[in-house]
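I opened the notebook today to look up charged contacts and ring contacts between side chains. The entries below follow the order in which I went through them.

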Amino acid sequence: MKYYVVDSFTDKIFSGNPAGVCLLENNIDEKIMQKIAAENNLAETAFVLRGGDNFNLHWFTPEFEIDLCGHATLASAFIISNFLDKNRKEMRFNTKSGELIVIKKDDLYEMDFPAWELKPVETTQLMKNAINAEILESHLSRDLLLLVNSEEDIIKITPDIDLLKNIPDCLGVIVTAKGGTVDFVSRFFAPNAGIAEDHVTGSTHSELIPFWSKRLDKQIMTARQLSKRGGDLYCEDCGKRVKIAGKAVLYMTGEIIL
């Protein structure tokens with residue numbers, strides 16, 4: 001099968017978040033998908049199969065299948081519009097999170113994702129020890145969101161990965177703050193998914209966009225994820241949906257021999 005690696009949420013290789021994209025000619029067993037994702041050892045590997053006018057899309061971490069992934073969806077749209085259906089502007093994906101639409105707008109790929117509601121939760125000593133920083137507020141949806149004082153605090157965080165693994169009831173931990181040159185910044189840790197720190201995470205912005213839209217009283221915002229590689233996201237709060245846009249660049253093409 002054709003295999004690509006795309007750096008998402010960036011226009012330069014060796015930055016943003018790398019995603020593997022496998023273009024399938026036929027369905028393959030999900031156990032094989034999982035083995036390929038583990039072999040690739042990227043945060044996510046996407047498996048794309050044409051299904052009429054739409055595309056069936058699965059995302060796998062090295063450990064398990066995930067219900068929503070932004071950077072691998074962006075990477076899949078990039079590969080379709082540049083290699084499979086050249087110059088295609090709209091891509092519709094059938095996924096575990098329902099139908100997702102990606103629209104190519106010049107060099108940006110705009111994804112239409114569900115918005116996830118966060119609920120306030122008690123800040124525990126485990127949370128504080130896990131990120132070794134002062135926590136202003138804690139909120140829970142798919143992930144645990146921890147609000148801290150500043151962008152500088154987020155940059156300085158050196159989390160205890162073993163403690164992060166012990167935080168219950170969440171896939172991963174988002175640490176976020178108001179930004180300086182952008183509206184808000186974040187980092188994301190998901191060791192229980194086999195990802196100590198994710199470089200740039202589109203799906204967490206299903207939580208971050210509604211959170212910051214209310215606080216900043218803004219519908220359209222810019223965001224940056226402050227991992228070592230870093231990445232930029234262009235965000236819009238649309239009520240029950242959010243729009244997340246970013247750029248992408250091709251790093252590698254290849255073929256997987258099964």
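I began with Arg-215, whose side chain forms a salt bridge with Glu-137, the closest N and O atoms being 2.3 Å apart; I count a salt bridge when a side-chain nitrogen of Lys or Arg lies within 4 Å of a carboxyl oxygen of Asp or Glu. I note that this is a predicted model, in which local features need pLDDT of at least 70 and side-chain atom pairs count only at pLDDT 80 or more, while totals for chains, interfaces and linings use all residues. Residues are numbered from 1 along each chain as its sequence is written, and side-chain values use heavy atoms, with hydrogens and water left out.

Arg-215 sits in helix 6 (residues 205-216) and Glu-137 in strand 10 (residues 137-140), so I recorded a link between distant parts of the chain, 78 residues apart; helices (H or I, at least four residues) and strands (E, at least two) are DSSP runs numbered from the N terminus. I found Arg-215 partly exposed at 41% relative accessible area and Glu-137 partly exposed at 26%, where buried means under 20%, exposed over 50% and partly exposed in between (1.4 Å probe, protein chains only).

Next I looked up the salt bridge between Arg-229 and Asp-7, at 3.2 Å from N to O. Arg-229 is in the loop between strand 15 (220-225) and strand 16 (231-237), whereas Asp-7 belongs to strand 1 (residues 2-8), 222 residues away.

I then turned to Asp-85 and Arg-50, which form a salt bridge with their closest N and O atoms 3.0 Å apart. Asp-85 lies in the loop between helix 2 (70-84) and strand 6 (90-95), and Arg-50 in strand 3 (residues 45-51). My count by this rule came to 14 salt bridges.

For the rings, I counted seven aromatic pairs, taking Phe, Tyr and Trp (its six-membered ring) as paired if their centres lie within 6.5 Å, with planes under 30 degrees apart called stacked, over 60 edge-to-face and the rest tilted. Phe-47 and Phe-60 are edge-to-face, at 5.8 Å centre to centre and 90° between the planes, and both are buried.

Phe-184 is in strand 13 (residues 184-190) and Trp-212 in helix 6; I listed Phe-184 as buried at 0% and Trp-212 as buried at 4%. Together with Phe-211, these two form one aromatic cluster.
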